[in-house]
Amino acid sequence: MKRRQFIKTAGLSVAGAGLAAPAIAQANPEIRWRLPSSFPKSLDILYGAAETIAKFTAEMTDNKFQIQCFGAGEIVPPLNVLDAVQDGTVEACHTAMYYFWGKDPTFAFGTAVPFGMNLRQMDAWFHDGGGNALIDEFLADYKVVGMPAGNTGTQMGGWFRKEIKTVQDFSGLKFRVAGFAGAVLQKLGAVPQVIAAGDIYPALEKGTLDAVEFVGPYDDEKLGFNKVAPIYHYPGWWEGAAALHLLISKDKFEALPKHYQNVLRRAAQIANKECQTKYDAANPAALKRLVAAGTQFKPFPQEVMEASWKAANEVTAEVAAKNAKFKKMNDAYQAFRNDQYLWWQVAEYSFDNFMIRQRAR
C-alpha cells in the first residue's frame, strides 16, 4: 500500500509540476524592449541611469524582461527619443523632458524650470506633492508614461569665453542652453542654441558658440569644455535640480503584467537615487581638478541674478497666459516650492550655511 501510495503521490506531484510550469511562464513572459538614451555612453552617470534600469529589471524578472540600452544617436537622434517612443520605433527612452519644450513648454516641469526647486524638494514634489500625477496627466496626451529616473542636483551656470559682469554681456551671446532657460536668456539678449551633448565641444572650439552650459564639474570635465572656455560661472539658476525621466509607451506599459510594471517603477527609483549620489560623490574631486588646471570659477553678479529672476517671472507669466496646461502645472509647482523654502530657511539653510563657514576657517 505504501508503495502504491508513493507512486500515486509522485504522479500527482509530476502532474502538478506540469500544470504549474505554463502558469509561471505565462506570469513571467519573455519580453524584449529597446531603450535609447539622449546621452552618450561616455557620460557614465547620465547614460548609466538607463543601464541601471535595464540591469535591475532583468535581475528581478529572472532575465525574462530584457531592456537593451542605446547611447545617444546609436538608433535614434538624442533629441528625437520621445518621437521614437510615440511612433513605436522603440518601447521606452531615457531623457530630460525639457528637451521637448518646443512641443509644449509644460514639458519643462519634468526636468527643471528657472529658479525652481532643489533636488530634494523636487523629489518630494514628484513623489509626495502631486507632481507625478500632474506629469502623468500631461503625458497622457502623448500616450506616454513617465517615471523620474535620475537627477543631477543644482547645475553650474556654464562655460564662457568672456566673463559675464553685467546683464549687457548677454547681448548677442550664442549660448548652448535648453528649453525654458533659453527663452529667459533670450529676453536678456542671448541667442540660445539647442545642441546635443556630443556636438557641443566642436561648436565651442570653432566659435559657433560663445558659451555653453551642460551639467557640472564631473561631466563638463569629461567633455573638455575647460580646454576652450576659461570662465566657469555659477550657479545654473535655470536648474536648481535637473530631473531625468524614463518615458514609456503607454500601450506597451499597460500590456505588461502588473508585477513587471512594478519592477519598472522600482528600477526607475533606484536609478534616480544612484544618479543623485554618484554626482554628489564625483563633483568635488572634479571641481578640484578643474581649479588645478586653471579654470576660473566666477559667481554670476547679483545684478545678473536679479535681472534673470525678473525675466524668468515675465516669461512664466507670458507662457501661462497662453497655455492652460502650463499654468495648472506652474501653479502647483510654485505653491509647493514656496512652502519648501519656508521650511528650508529654518533648518536646512541655517545648518548648511554654518557648516560652509566652518569649512572656510
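**Entry 1: cavities.** How many cavities of 30 Å³ or more does a search of the whole structure find? I get four. I note the source here: this is a predicted model, where local features need pLDDT of at least 70, side-chain atom pairs count only at pLDDT 80 or more, and totals for chains, interfaces and linings use all residues. Residues are numbered from 1 along each chain as its sequence is written, and side-chain values use heavy atoms, with hydrogens and water left out.

My terms for space come next. On a 1 Å grid over the protein atoms alone, a cavity is a set of points where a 1.4 Å probe fits but cannot get out. A pocket is an open set with protein on both sides within 12 Å along at least five of seven lines. Lining residues have an atom within 4 Å of a point. Grid points are joined across faces, edges and corners, and a volume is the space filled by probe spheres set on the points.

The largest cavity has about 90 Å³. I count 15 lining residues there, and F39, Y98, Y99, Q155 and V215 are the closest to its centre. By class the lining has nine nonpolar, three polar and three charged residues. For these classes, Ala, Val, Leu, Ile, Met, Phe, Trp, Tyr, Cys and Pro are nonpolar, Asp, Glu, Lys and Arg are charged, and the others, Gly among them, are polar.

The second largest cavity has about 60 Å³. Its lining includes V113, F115, W309, N313 and R337. Which helix gives the most to this lining? α11 does, with four residues. Helices here are DSSP runs of H or I with at least four residues, strands are runs of E with at least two, and both are numbered from the N terminus. The classes are six nonpolar, three polar and one charged.

Entry 2: I moved on to open space. The largest pocket holds about 1,500 Å³. It is lined by 40 residues, and N118, T154, P235, G240 and D352 lie nearest its centre. Elements that give two or more residues to this lining are α4 (119-128), α10 (258-292), α11 (302-322), α12 (324-346) and α13 (348-360). The largest share, seven residues, comes from α10. I get 20 nonpolar, 14 polar and six charged residues in the lining.

The second largest pocket holds about 160 Å³. It has 13 lining residues, with Y99, W101, G102, G179 and V194 the closest to its centre. Nine are nonpolar, three polar and one charged.

**Entry 3: helix α4.** Which residues of α4 are buried? I find L119, Q121, M122, D123, W125 and F126. Buried means under 20% relative accessible area with a 1.4 Å probe and protein chains only. Their cover includes α5 (131-139), β4, β10, α10 and α12. At the start of α4, a side-chain oxygen of N118 reaches to within 3.3 Å of the backbone nitrogen of R120. G130 follows α4, and its phi is positive, near 90 degrees.

**Entry 4: two residues.** Is L246 buried or exposed? It counts as buried because its relative accessibility is 1%. L246 lies in strand β10 (residues 243-249). I set contact at heavy atoms within 4.5 Å. Leaving out residues up to four places away in sequence, L246 touches residues including L35, I53, H94, M147 and L264. From L246 to F336 I get 90 residues in sequence and 23 Å in space, C-alpha to C-alpha.

T152 sits in the loop between β4 (144-151) and β5 (158-160). T152 counts as buried, at 6% relative accessibility. The T152 side chain makes a polar contact with the side chain of Q155 at 3.0 Å. A polar contact is a pair of N or O atoms within 3.5 Å; within protein, one must be able to donate a hydrogen and the other to accept it, and residues adjacent in sequence count only if both atoms are side-chain atoms. Beyond four places in sequence, T152 touches L46, V215, A242 and Y279.

**Entry 5: a sheet.** I traced six strands in an open, mixed sheet, in the order β7-β6-β8-β5-β9-β11. β7 (191-193) and β11 (296-299) stand at the edges with a single partner strand each, so one side of each has no neighbour in the sheet. Strands pair if DSSP finds at least two bridges between them. β6 (residues 174-176) and β8 (residues 211-212) pair in the parallel sense over two bridges. R176 stands opposite V212 in β8.

Note on methods. Buried means under 20% relative accessible area, exposed over 50%, partly exposed in between (1.4 Å probe, protein chains only).
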